[in-house]
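Subject: Handing over the structure

Hi there,

Here is the structure I promised to pass on to you. Please open it alongside this message, and then read on for my notes.

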Amino acid sequence: MHRSTRLAGVCLVVATLLTLAGCSSSLRKNYVRDKAANHVYRQELAQLWPHVQEVLRGHGYSWKEMPGRYVLETEWLDSGGGSLGPGTASRFLVQGIVLTGGGTALRVMRGDRVTQSIGVGYVDKEIKTDEDYAQAVHDSQASGVLPTRQNYFRDLEIELEILRRSDPEAAARFDADALAAHP
């Protein structure tokens with residue numbers, strides 16, 4: 001009896017430590033993302049922009065941009081789905097901002113969309129030929145797409161990735177501060 005109580009106590013301590021370690025890890029990630037969201041770069045936008053393009057290219061995106069304006073919009077990139085399930089795609093809008101107090105900032109907005117193809121094919125009449133089938137499909141509105149659902153939000157993960165490439169010293173400082181704040 002005493003042995004099983006001791007084992008239960010050890011299991012409880014181990015489970016508690018693992019839970020706390022997971023919480024600390026999440027808190028550190030959130031801390032670093034929040035710091036990246038408010039980071040003011042010392043570099044000019046012309047120096048940062050190649051890092052923006054490198055990160056987006058690494059994720060498989062192509063884009064259109066306004067030369068000299070530091071605004072970039074990617075094409076929609078399919079990220080999954082198929083004929084039986086919903087199709088998903090995403091895109092990014094990146095804006096470089098020159099701050100009046102000095103320095104620059106980047107804002108990355110991500111758009112996600114979900115579409116669902118539908119098909120209905122209830123036909124009341126007998127189909128004997130290909131022409132009958134084609135007419136039945138045409139008459140029944142046999143396929144289509146449900147209304148698209150789109151969500152837009154600021155993507156701090158991509159902003160953090162750009163920060164790590166363009167200002168590794170600041171990123172390392174944020175990581176150290178996060179570790180100190182959430183050991």
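Below are the notes, grouped by kind of contact.

First, some ground rules. This is a predicted model, in which local features need pLDDT of at least 70 and side-chain atom pairs count only at pLDDT 80 or more, while totals for chains, interfaces and linings use all residues. Residues are numbered from 1 along each chain as its sequence is written, and side-chain values use heavy atoms, with hydrogens and water left out.

**Aromatic pairs**

Searching the whole structure gives 2 aromatic pairs. For a pair, the ring centres of Phe, Tyr or Trp (its six-membered ring) lie within 6.5 Å; planes under 30 degrees apart are called stacked, over 60 edge-to-face, and the rest tilted. Trp 49 and Tyr 70 make an edge-to-face pair, with 5.4 Å from centre to centre and 75 degrees between the planes. Trp 49 belongs to helix α2 (residues 45–58) and Tyr 70 to the loop between β1 (63–66) and β2 (71–74), so this pair ties together parts 21 residues apart in sequence. Helices (H or I, at least four residues) and strands (E, at least two) are DSSP runs, numbered from the N terminus. Trp 49 is buried at a relative accessible area of 5%, whereas Tyr 70 is partly exposed at 23%. Here buried means under 20% relative accessible area, exposed over 50%, and partly exposed in between (1.4 Å probe, protein chains only).

Tyr 61 and Phe 92 are also edge-to-face, because their ring centres are 5.0 Å apart and their planes stand at 80 degrees. Tyr 61 is in the loop between α2 and β1 and Phe 92 is in strand β4, so the pair joins parts 31 residues apart in sequence. Both Tyr 61 and Phe 92 are buried.

**A charge over a ring**

The charged end of Arg 113 sits over the ring of Trp 76, 4.3 Å from its centre. The rule asks for NZ of Lys or CZ of Arg within 6 Å of the ring centre and within 35 degrees of the ring normal.

**Salt bridges**

How many salt bridges are there by this rule? The count is 9, where a salt bridge is a side-chain nitrogen of Lys or Arg within 4 Å of a carboxyl oxygen of Asp or Glu.

- Arg 33 and Glu 157 meet at 2.5 Å, N to O. This pair links distant parts of the chain, with Arg 33 in helix α1 (residues 2–37) and Glu 157 in helix α4 (residues 156–166), 124 residues apart. Glu 157 is partly exposed at 43% relative accessibility.
- Glu 73 bridges to Arg 91, with the closest N and O atoms 3.6 Å apart. Glu 73 is in strand β2 and Arg 91 in strand β4, 18 residues apart. Glu 73 is partly exposed at 31%, while Arg 91 is buried at 14%.
- Arg 165 and Glu 161 meet at 4.0 Å, N to O. Both lie in helix α4, 4 residues apart, or about one turn of the helix.

Glu 161 and Arg 165 are also linked with Glu 54 in a network of salt bridges.

**A surface patch**

Leu 93, Met 109 and Tyr 152 form a nonpolar surface patch with about 270 Å² of accessible area together. Leu 93 is in strand β4 (residues 87–98) and is partly exposed at 39%. Patches use residues with over 30% relative accessible area and no salt bridge, joining like charges within 9 Å and nonpolar side chains (Val, Leu, Ile, Met, Phe, Trp, Tyr) within 5 Å. Accessible areas come from the Shrake-Rupley method with a 1.4 Å probe; for residues, only the protein chains shown count as cover.

Best wishes
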